[in-house]
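Here is a friendly tour for anyone meeting this protein for the first time. Take a moment to look it over, and then read on.

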Amino acid sequence: MKAFSQHGAFLRRFVALSVIVLTACSDGGGSAGNAGDDTDPNEPPEDVLPSLTTQIEHWSPTGVFLAAADCGQCHTASNPGDSPAVLRAPDPQVSAVQPSPGGVDISPFADWKSSVMANAFTDPYFRANMMHEAETFPHLAGFIEDKCLTCHSPMARTHAHQTGVGLEDGFYRAEQALVAPHAREGISCTACHQITDSVLTGNAYPDGVHSGDYEIPAAGEPGAFTIHGPYQNPQGQAMQNQVGFMPAYGQQMQDSRLCASCHELYTPTIDIETDQPNGEDFPEQTPFTEWTSSDFGPSGSNTRSCQQCHMAREEIGENFLTRLAVRPDGSVNANWPERQPYSPHVMLGGNTWLLETLELFRVELGRDSINEEGDFAATAELTREFLKTAATLSVTGEGIASGELVFDLTIQNESGHKLPTSFPSRRVWVGTRVIDADGAVVFANGAPDNSFRLPMDEDFTSEACLAAKKPPGFDSEACYLGHVSEVRSEQDVPVYEAVLGSTTGDITHILLYASTLLKDNRIPPRGFDSAAVPNDVRPVGVQGDSDFNASNEGRDTIRYRIPVGTSLALPLQVETTLYYQATRPTFIDGLHGEHEWVDEFQTIARLNPPPAEVMAELSFQVQ
């Protein structure tokens with residue numbers, strides 16, 4: 001199958017959206033379409049564009065927190081042409097291990113400001129989902145918003161709880177975060193680098209740190225205003241003189257448990273019949289436990305931390321050596337030590353959609369004073385290339401027998417956690433196309449349309465499947481595709497995903513109703529023993545598939561037995577594509593509510609739907 005051109009599609013959407021945005025702005029409002037009594041119920045819904053106020057880059061120090069831009073005044077690249085260079089990419093023709101005076105800026109602030117981490121609050125899907133859950137459970141709205149903002153606005157939420165300022169009935173609320181610059185900044189320098197080594201006290205749920213249970217000392221407490229870093233014997237006088245913080249070595253900065261303090265997330269389960277918490281927790285995302293159970297974990301044969309994989313650039317090797325700062329006037333102090341390894345702060349994951357959205361709506365989301373045009377697109381491209389390292393495809397047993405095209409396609413998970421992992425909206429699937437020697441398409445399935453939807457998504461996004469509460473006897477199996485181990489027809493599309501079930505066992509897309517998994521055939525990482533890992537991360541719905549993660553190899557093999565008849569123009573060309581989507585249609589269409597953030601998200605998702613990124617491709621001929 002010829003893979004959908006994501007870059008070309010993005011450019012086309014960019015042009016179309018530019019027209020829509022300019023038209024909406026010229027109309028003097030944030031929406032387009034009909035209004036008032038003239039509204040036609042058969043017309044598409046209004047386009048409500050995002051409208052966050054301009055984000056403040058240099059905000060006043062607040063409690064123990066400082067603007068990232070203030071850290072970036074020194075932790076930035078040297079001026080172009082200056083030698084020795086600092087925090088610039090190397091020129092491989094000169095030296096792959098030293099910054100080049102003409103290299104691109106790879107400083108922490110430059111990379112971070114275009115990352116998903118920096119935009120954890122700005123993220124339209126996060127804000128819409130938070131308000132959707134809060135409106136679904138209005139009696140728990142304060143708790144929900146406070147819990148979400150623990151990791152999406154950690155500086156503001158922590159400061160509010162340290163001082164009591166900005167709390168409402170003991171909770172930090174989204175309305176307050178909207179107008180607080182240290183909330184809008186998301187996950188910033190003085191959030192991560194002030195987290196203490198308390199995160200090292202345990203390895204996994206329930207004993208380890210998780211779900212936002214990190215510690216940052218308040219002003220006046222021991223350890224306050226300490227910036228932890230990964231290097232021994234830091235020189236601290238310059239930092240203390242400039243911004244009032246003292247650098248110190250912190251083992252936690254190189255440890256995956258630091259990341260787990262937010263990315264290992266357990267949420268309370270709400271009983272769907274009473275709308276009250278039932279005292280149980282649900283593993284909403286568990287990449288840390290998956291990692292600890294893999295060959296990449298602390299006891300594995302190929303140990304690699306979260307930071308080593310996700311804080312990386314292809315051109316920056318472990319032997320790359322650079323100073324970490326310049327003087328406030330931009331000059332280089334040659335007496336400051338050079339350090340290695342250097343961890344670029346790109347924080348790569350898989351969410352190209354959010355990065356493209358930030359690029360397209362940079363002004364509307366209030367980022368235009370911080371990010372230049374093209375910043376987010378560049379990080380999206382890095383993310384796209386990063387996704388291509390997460391899996392490989394291979395084929396065996398290809399041939400034609402008794403009128404059937406037969407082959408076995410194996411997907412190898414190359415990452416250190418499940419594929420896909422983390423937030424349950426994500427999915428991976430295989431698309432296949434078979435073409436004969438005359439160019440005729442003999443077979444095709446799994447091809448996304450121009451909105452990156454699959455044919456089956458129409459049924460799965462039906463009103464019945466997306467209803468918050470299902471009638472007795474509801475058939476949830478009609479709302480998702482079970483695990484596919486053998487492909488015989490166009491309806492057999494192998495999809496790897498987590499499907500949430502409520503306390504009544506019905507499918508749900510409301511996170512706090514989640515009590516169990518109806519399906520979890522996400523491919524485990526290498527070394528993952530499905531029978532020995534904690535119950536929370538065991539596969540669900542793969543019974544009878546003997547090759548799923550066979551021998552703990554972190555792979556799955558799909559058997560293709562496609563009827564093609566005997567009158568064929570040979571050879572056959574087989575094209576297979578492994579796709580990744582950060583937010584699948586059921587999580588888009590299932591999100592609704594009265595809040596303007598929900599309307600804004602729905603407009604964005606309609607105009608700029610989450611793409612189907614290509615993770616891997618394999619093409620071969622069969623005689």
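## Two cis prolines

Pro571 sits in the loop between strand S16 (555-563) and strand S17 (572-581). In this predicted model, the peptide bond that joins Leu570 to Pro571 is cis, with omega about 5 degrees.

You can find another cis bond from Leu419 to Pro420, where omega is near -5 degrees. Pro420 also has its place in a loop, between strand S10 (404-413) and strand S11 (427-435).

## Positive phi in two loops

Now look at Ser402, in the loop that runs between strand S9 (391-401) and S10. Its phi is near 55 degrees, a positive value in a residue other than glycine. Ser402 counts as exposed, at 81% relative accessibility.

Asn552 has a positive phi as well, near 60 degrees, and is likewise a residue other than glycine. With a relative accessible area of 28%, Asn552 is partly exposed.

## A buried serine

Ser502 belongs to the loop between strand S14 (495-501) and strand S15 (516-520). Is Ser502 buried or exposed? Its relative accessible area is 2%, so it falls under the 20% cut-off and is buried.

Which residues touch Ser502, leaving aside its neighbours within four places in sequence? Its contacts are Ile272, Thr508, Tyr513, Ser515 and Thr516.

## A covered helix

Helix H4 covers residues 124-136, 13 residues in total. From its first C-alpha to its last, H4 reaches 18 Å, close to the 18 Å expected at 1.5 Å a residue.

H4 is mostly covered, with eleven of its 13 residues buried. Among them are Tyr125, Phe126, Arg127, Met130, Met131 and His132. The buried residues of H4 pack against several helices, including H5 (141-152), H14 (352-360) and H19 (596-607).

## The whole chain

Stepping back, the protein chain has 19 helices and 18 strands. Its radius of gyration is 25 Å, close to the 25 Å that the globule rule gives for 623 residues, so the chain is as compact as a globular protein of that length. The C-alpha trace spans about 80 × 65 × 55 Å along its principal axes.

Of the 623 residues, 55% count as buried. Among contacts between residues at least 6 apart in sequence, 70% join residues at least 24 apart. The accessible surface comes to about 25,900 Å², and 50% of it belongs to carbon and sulfur atoms. As for charge, there are 37 positive and 84 negative side chains, and the centres of the two sets lie 5 Å apart.

Conventions
Residues numbered from 1 in each chain as written. Heavy atoms only, no water. Helix = DSSP H or I, 4+ residues; strand = E, 2+ residues; numbered from the N terminus. Rg over C-alpha atoms; globule rule 2.2 N^0.38 Å. Buried < 20%, exposed > 50% of the residue type's maximum accessible area, 1.4 Å probe, protein only. Contact = heavy atoms within 4.5 Å. Areas by Shrake-Rupley, 256 points an atom, 1.4 Å probe, with all protein chains shown as cover. Lys, Arg positive; Asp, Glu negative; His and termini not counted. Charge placed at Lys NZ, Arg CZ, Asp CG, Glu CD. Expected span 1.5 Å × (residues − 1).
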